[in-house]
Amino acid sequence: MFIYAEVLGMLAAFYASHRIPITIPLFIAMTAMSRLIILQGKNGNPSILLYESGAIILIAGACWIISRINMAKEHE
């Protein structure tokens, strides 16, 4: 349900600014990865859990970098 809300938020942001903010699809990806980790349960391989959590950290880092770049562009 949360992923659908994120997609609707992305559509609303597109119609408001006529641009697709790249951070919203990244938030959707983080949400999907988190759901994958939760749904796997305790029977999963621990190394796969580390890879998936590392992917979430990389996506979060990308969101942070993009937001910093956008803030720098707004201040110019």
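Ile22 sits in the loop that links α1 and α2. This is a predicted model, in which local features need pLDDT of at least 70, side-chain atom pairs count only at pLDDT 80 or more, and totals for chains, interfaces and linings use all residues. Residues are numbered from 1 along each chain as its sequence is written, and side-chain values use heavy atoms, with hydrogens and water left out.

Helices here are DSSP runs (H or I, at least four residues), numbered from the N terminus. Is Ile22 buried, partly exposed or exposed? Ile22 counts as partly exposed because its relative accessibility is 48%. The cut-offs are these: buried means under 20% relative accessible area, exposed means over 50%, and partly exposed lies in between (1.4 Å probe, protein chains only).

**The helix pair**

Helix α2 covers residues 23–40 and helix α3 covers residues 46–75. Their axes come within 10 Å and cross at roughly 165 degrees. An axis is a line fitted to C-alpha atoms, for helices over the stretch in contact, and angles run from 0 to 180 degrees between N-to-C directions. So α2 and α3 are roughly antiparallel to each other. That word applies to angles over 145 degrees. The crossing of α2 past α3 is left-handed. Left-handed means that the near helix is turned anticlockwise from the far one by less than a right angle.

**Residues in α3**

Ile48 belongs to helix α3. With 37% relative accessibility, Ile48 counts as partly exposed. Ala55 is in helix α3 too, and Ala55 is partly exposed at 26%. Ala72 also lies in helix α3. Its relative accessible area is 41%, so Ala72 is partly exposed.

How far apart are some residue pairs in sequence and in space? The table gives C-alpha to C-alpha distances.

| Pair | Apart in sequence | Apart in space, C-alpha to C-alpha |
|---|---|---|
| Ile48 and Ile37 | 11 residues | 9.2 Å |
| Ile22 and Gly54 | 32 residues | 20 Å |
| Ala55 and Tyr15 | 40 residues | 30 Å |
| Ala72 and Ile20 | 52 residues | 18 Å |

**A nonpolar patch**

Which residues make the nonpolar surface patch? Val7, Leu8, Leu11, Phe14, Tyr15 and Ile20 make it, and the patch is about 590 Å². Phe14 is part of helix α1, residues 2–17. Phe14 counts as partly exposed because its relative accessibility is 30%. Patch residues have over 30% relative accessible area and no salt bridge; nonpolar side chains (Val, Leu, Ile, Met, Phe, Trp, Tyr) are joined within 5 Å, like charges within 9 Å. A salt bridge is a side-chain nitrogen of Lys or Arg within 4 Å of a carboxyl oxygen of Asp or Glu. Accessible areas come from the Shrake-Rupley method with a 1.4 Å probe; for residues, only the protein chains shown count as cover.

Technical notes
Helix = DSSP H or I, 4+ residues; strand = E, 2+ residues; numbered from the N terminus. Parallel < 35°, antiparallel > 145°, perpendicular 65-115°, else oblique.
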